[in-house]
Amino acid sequence: MKAQKEALFAAESRVNEEEIIKKVSTSFYDWYLMRINSLTDTVPFDYIFVEGKNGKCKVNFEPYFTQLKKLGTISEKFMNREIKRAESCIKHMETVDWIEYDKSEAYEYEDYCPDCYYMYWVRSQEPYTGVDIVKTVKKENIWYSTLQFFNTYDGKTYRENNLTPVVKIENENGKWMITEITL
């Protein structure tokens, strides 16, 4: 009887964990797609450029990271990877005069800052309607969820098969957090 109760508890715990993982898996993209699809939203969905020291440009992550922290599902590891991802952009923009940048077209800096040209997390200039989970697997104590984007037109759903992000979710201090997204 005791063994049956323990097995039932373990099974219930696994189901609850999987439900949490499903919610965490799409949390970033649910937020991101809402931001990039809004015509009036001014919430940053990536780093922004501001005037820095000595009249030069500065890459500012603070507004973006503030939004990610509010989700409660994004790890510091993920945010550190975001800074690393933008390293060449950060270095280059520190050499650009703010006045020069402010008068320029965004495409002028795409060699160093490709996010000026397209939305990094969907690898496109066009947003998607939503995202679904295709597969979720657990390896040791890390979850991996493969996602698939879709668009909805005229009441029909069209799946995007060219880009399937893999979301890595780790337990940090008893909470499941996104630590990496691989495109």
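1. The segment falls within the residue range of helix α1, which is given as residues 2-37.

2. Overall confidence and conventions. The average pLDDT of the chain is 90, and 91% of the residues score at least 70. The model being predicted, local features need pLDDT of at least 70 and side-chain atom pairs count only at pLDDT 80 or more, whereas totals for chains, interfaces and linings use all residues. Residues are numbered from 1 along each chain as its sequence is written, and side-chain values use heavy atoms, with hydrogens and water left out.

3. Secondary structure and dimensions. The chain contains five helices and seven strands; helices (H or I, at least four residues) and strands (E, at least two) are DSSP runs, numbered from the N terminus. Their order along the sequence is α-β-β-α-α-α-α-β-β-β-β-β. Taken along the principal axes, the box filled by the C-alpha atoms is roughly 75 × 45 × 25 Å. Of the contacts between residues at least 6 apart in sequence, 53% join residues at least 24 apart.

4. Surface and burial. The chain has an accessible surface of about 11,400 Å², and carbon and sulfur atoms account for 49% of this surface. Accessible areas come from the Shrake-Rupley method with a 1.4 Å probe; for residues, only the protein chains shown count as cover. Of the 183 residues in the chain, 40% are buried. Here buried means under 20% relative accessible area, exposed over 50%, and partly exposed in between (1.4 Å probe, protein chains only).

5. Nonpolar core. In soluble globular proteins, nonpolar side chains tend to be buried together. A nonpolar core is taken here as a set of buried Ala, Val, Leu, Ile, Met, Phe, Trp, Tyr and Cys residues joined through side-chain atoms within 4.5 Å. In this model the largest such core has 44 residues, and F28, Y29, F49 and M93 are those with the most contacts inside it. Helix α1 supplies the largest share of this core, eight residues. With residues up to four places away in sequence not counted, F28 touches Y64, L68, L71, I74, F78, W121, I178 and I181.

6. Disulfide. Which cysteines form a disulfide? With a disulfide defined as a pair of cysteine sulfur atoms within 2.5 Å, the count is one. The pair is C89 and C113, whose sulfur atoms are 2.0 Å apart. The link connects distant parts of the chain: C89 belongs to helix α4 (residues 87-93), while C113 is in the loop between α5 (98-103) and β3 (130-139), 24 residues apart. The link of C89 and C113 is right-handed, with 95° about the S-S bond. C89 is buried at 1% relative accessibility, and C113 is buried with a relative accessible area of 0%.

7. C57 takes part in no disulfide; the nearest cysteine sulfur, that of C113, is 9.0 Å away. C57 is buried, its relative accessible area being 3%.

8. In the salt bridge of K138 with E17, the closest N and O atoms are 2.8 Å apart. K138 is in strand β3 and E17 in helix α1, so this pair ties together parts that are 121 residues apart in sequence. K138 is partly exposed at 29% relative accessibility. E180 forms a salt bridge with R81, with the closest N and O atoms 3.5 Å apart. E180 lies in strand β7 (residues 175-182) and R81 in helix α3 (residues 76-85), 99 residues apart. E180 is partly exposed at 24% relative accessibility, as is R81, with a relative accessible area of 36%. Salt bridges that share partners also join D46, E82, R85 and D115 into one network.

9. K22 and E19 form a salt bridge, the closest N and O atoms being 3.7 Å apart. Because K22 and E19 are three residues apart in helix α1, about one helical turn separates them. K22 is partly exposed at 41% relative accessibility, and E19 is partly exposed at 39%.

Definitions and conventions. Salt bridge = Lys/Arg side-chain N within 4 Å of Asp/Glu carboxyl O. pLDDT = per-residue confidence, 0-100. Contact = heavy atoms within 4.5 Å.
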